[in-house]
Amino acid sequence: PIVRIPIGETYMIKQVLDAGAQTLLIPMVESADQARELVRATRYPPTGVRGVGSALARASNFNAIPDYLTTADDQICLTVQLESRAGVAALDEILEIEGIDGVFIGPSDLAADMGMIGKADSPEMQSILKELLERIKASGKAAGILALSTASVSRALDSGACFIGVGIDVLLFAESMRKLAANPTAPG
């Protein structure tokens, strides 16, 4: 499972890691410096700033995993989310950072920041997304994207995406509620 925290704050990262998460998705990453700080937040000293109170953490099974402190860093998967022109401009630098395992593209936010709000499916935006996914894949990092239609999933796979968000919980819930409201006697 991937835990997407609302913002890349060190204290939030520490909390979800101590709770047992091992794969994180951090939104709105816009610079290599920011990405480096996120890596530091996921690592124990001396390479990072994660607190060493593992005996109190679910992640270490409350100190029942004898080598947890020496093996935990290698078990973290850190994925950053690219959603702005600033992030695109910093992509090559971000891809060089050890500890960044993947880059996930948020096409709607990226399109909006590029002056194409509501047009993530436009040919121009699709060309940009294709190029970004190809660059991420070529770097050896995991390339991911949100793709909510069959066509966008196919395009993402063809461009090198290896993980794809194919649904949004609240949209799925809203769609089901609309169907039920339109036909309340239908089985369901």
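Phe62 sits in the loop between H2 and H3, where helices (H or I, at least four residues) and strands (E, at least two) are DSSP runs numbered from the N terminus. This is a predicted model, in which local features need pLDDT of at least 70, side-chain atom pairs count only at pLDDT 80 or more, and totals for chains, interfaces and linings use all residues. Residues are numbered from 1 along each chain as its sequence is written, and side-chain values use heavy atoms, with hydrogens and water left out.

- Most residues other than glycine have a negative phi, and most peptide bonds are trans.
- Phe62 is not a glycine, yet its phi is positive, at about 55°.
- With a relative accessible area of 46%, Phe62 is partly exposed, because that class lies between buried (under 20% relative accessible area) and exposed (over 50%), for a 1.4 Å probe and protein chains only.
- Asn63 lies in the loop between H2 and H3 and also has a positive phi without being glycine, near 75°.
- Pro46 belongs to the loop between H2 and H3, and the peptide bond leading from Pro45 to Pro46 is cis, with omega near 10°.

**Buried residues in that loop**

- Ser60 is found in the loop between helix H2 (32-41) and helix H3 (68-71), and its relative accessibility of 1% is why it counts as buried.
- A polar atom of the Ser60 side chain lies 2.9 Å from the backbone nitrogen of Asn63. A polar contact is a pair of N or O atoms within 3.5 Å; within protein, one must be able to donate a hydrogen and the other to accept it, and residues adjacent in sequence count only if both atoms are side-chain atoms.
- Ser60 is in contact (heavy atoms within 4.5 Å) with Ser54, Ala55, Ile65 and Tyr68, leaving aside neighbours within four places in sequence.
- Tyr44 is placed in the loop between H2 and H3 and counts as buried at 3% relative accessibility.
- Not counting residues up to four places away in sequence, Tyr44 touches Arg50, Gly51, Val52, Ser54, Tyr68, Leu69, Ala72 and Asp73.
- From C-alpha to C-alpha, Tyr44 and Gly20 are 15 Å apart in space, and they are 24 residues apart in sequence.

**Strand E3**

- Thr79 lies in strand E3, residues 77-82, and is buried with a relative accessible area of 5%.
- Beyond residues up to four places away in sequence, Thr79 touches Leu24, Leu25, Ile26, Gly102, Val103, Phe104 and Phe163.

**Cysteines**

- A disulfide is a covalent bond between the sulfur atoms of two cysteines.
- The structure holds zero disulfides, counted as pairs of cysteine sulfur atoms within 2.5 Å.
- For Cys77, the closest cysteine sulfur is that of Cys162, and the distance of 9.3 Å is too far for a bond.
- Cys77 counts as partly exposed at 26% relative accessibility, whereas Cys162 counts as exposed at 55%.

**Surface patch**

- Leu148, Val170 and Leu171 form a nonpolar patch on the surface, with about 280 Å² of accessible area together. Accessible areas come from the Shrake-Rupley method with a 1.4 Å probe; for residues, only the protein chains shown count as cover.
- Patches are made of residues with over 30% relative accessible area and no salt bridge; like charges are joined within 9 Å and nonpolar side chains (Val, Leu, Ile, Met, Phe, Trp, Tyr) within 5 Å. A salt bridge is a side-chain nitrogen of Lys or Arg within 4 Å of a carboxyl oxygen of Asp or Glu.
- Val170 lies in helix H8, residues 169-182, and counts as exposed at 54% relative accessibility.
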